[in-house]
Amino acid sequence: MIFFTVFGICLVAIAVALNVSWVVLNWRTGVLAILGVIFFLLIIAGMVLNTIFLVREIRRNEQQDSFLNAVTHELKTPVASIRLYLQTLQTRELDVDKRREFYRIMLADSDRLLHTIEQVLRAGSARSRFRREVRSRVDLGEIARECVELARTRFHLADPSLTYEDRTTGGATIVLGNAEELKAAVWNLLDNAVKYSPSEIRIRVALEEVEDDRVAVRVTDRGIGISSTELKRIFRRFYRTPSLGSLRAKGSGLGLFIVRSVARNHGGRAFAESGGAGQGSTLTIMLPKAPGG
C-alpha cells in the first residue's frame, strides 16, 4: 500500500511539472494552452483515481485474507476439539461424570461452529439482491429479552454483569420484519459487547421508544471502547477493531456488518457511540414501528 501510494504521488508530481511547464511555454497559443489545461486535469484526475482504487483494492485484499484466517481458525478449532474428545471416548473407558463433561464441551464447540457458519451465510445473504423476504409483525422487546436470557446462559453471566431495562411507556414495540434476522442482529450486539469486555463484564441492554414512531435496542458495555475514527469502520464487512494490549478478540469481522445490513433491510439504522479507548461503548439498532403497532 505504501509503495503504490508513493508511486502515485510521484507520478502526479511529474505530471504536474511537465504539464505546467508545457502550459507556461505555450501560453501565447490560446487553443493549445486550453487543451493543455484540460488534458492536464484529466491526467491528474486519472492518476489520483487509479491510486485510490489500488489502495482500496490492496486494503480489501488484506481484509479478506484476515477474514479467511479468522474463519479458518474459528472452523478448525472446534472441529479439532470435538475430534479429540470423540477419540478419547472411543479409546478409553470413562466414568459417567467425565462423559457428561465431554458431551457438554462438544456441544459448546458445535454451537461455536454453527454460529460461525451462520455468520458467513447471513453475511452472504445480506448482500444478495435477489433475496426474498417474509415480513411479519415482530415484538422487538420479546426478541431482546430472549437474546439477553440466551447470553446469560451461554456466557454464564449473573444479573449484575448483564441487565435488561424496558424504558418504553407501556406501548407495544412491534416492528415489521424477519424475526430470525432481528434476533441475529441483537445477538451480535450482545456477543460483541462480551467479546470486547476483557476484564469485568458490565453490559446494560435497554429497549426505548424514539419519537413515537421508532424503537431502539441499545447495548452499553464498559469494555475497550472505540476511537472516533473507528465508529463507522466497525460496521464494514471483514473489519475488525485493532487489538488493544493483550486482548485478542476472536471473530470473523462479520457480526456488526450483519447488524447494519439487517437494520437497513428493515428501514432502520445501526450506529455506535463511545467516549474513546477505555471508555466503553454503546451500540444501537433503531427500527421503525409497524403501522398500527
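Buried means under 20% relative accessible area, exposed over 50%, and partly exposed in between, with a 1.4 Å probe and protein chains only. The model is predicted: local features need pLDDT of at least 70, side-chain atom pairs count only at pLDDT 80 or more, and totals for chains, interfaces and linings use all residues. Residues are numbered from 1 along each chain as its sequence is written, and side-chain values use heavy atoms, without hydrogens and water.

View 1. Leu42 lies in helix α2 (residues 30-91). Helices here are DSSP runs (H or I, at least four residues) and strands likewise (E, at least two), numbered from the N terminus. Leu42 counts as exposed because its relative accessibility is 54%.

**View 2. Helices α4 and α5.** Two packed helices are described by the angle between their axes and the distance between the axes. The axes of α4 (residues 140-154) and α5 (residues 179-195) come within 9 Å and cross at roughly 50°. That makes α4 oblique to α5. Angles under 35 degrees count as roughly parallel, over 145 as roughly antiparallel, 65 to 115 as roughly perpendicular and the rest as oblique. Axes are lines fitted to C-alpha atoms, for helices over the stretch in contact, and angles run from 0 to 180 degrees between N-to-C directions.

**View 3. Val205 in strand β4.** Strand β4 (residues 203-210) holds Val205. Val205 has 1% relative accessibility, so it counts as buried. Its C-alpha atom is separated by 8.9 Å from that of Asp221, 16 residues apart along the chain.

**View 4. Helix α6 and Gly267.** Nine of the 11 residues of α6 (residues 255-265) are buried. Among them are Phe257, Arg260 and Val262. Just after α6, Gly267 takes a positive phi of about 80°.
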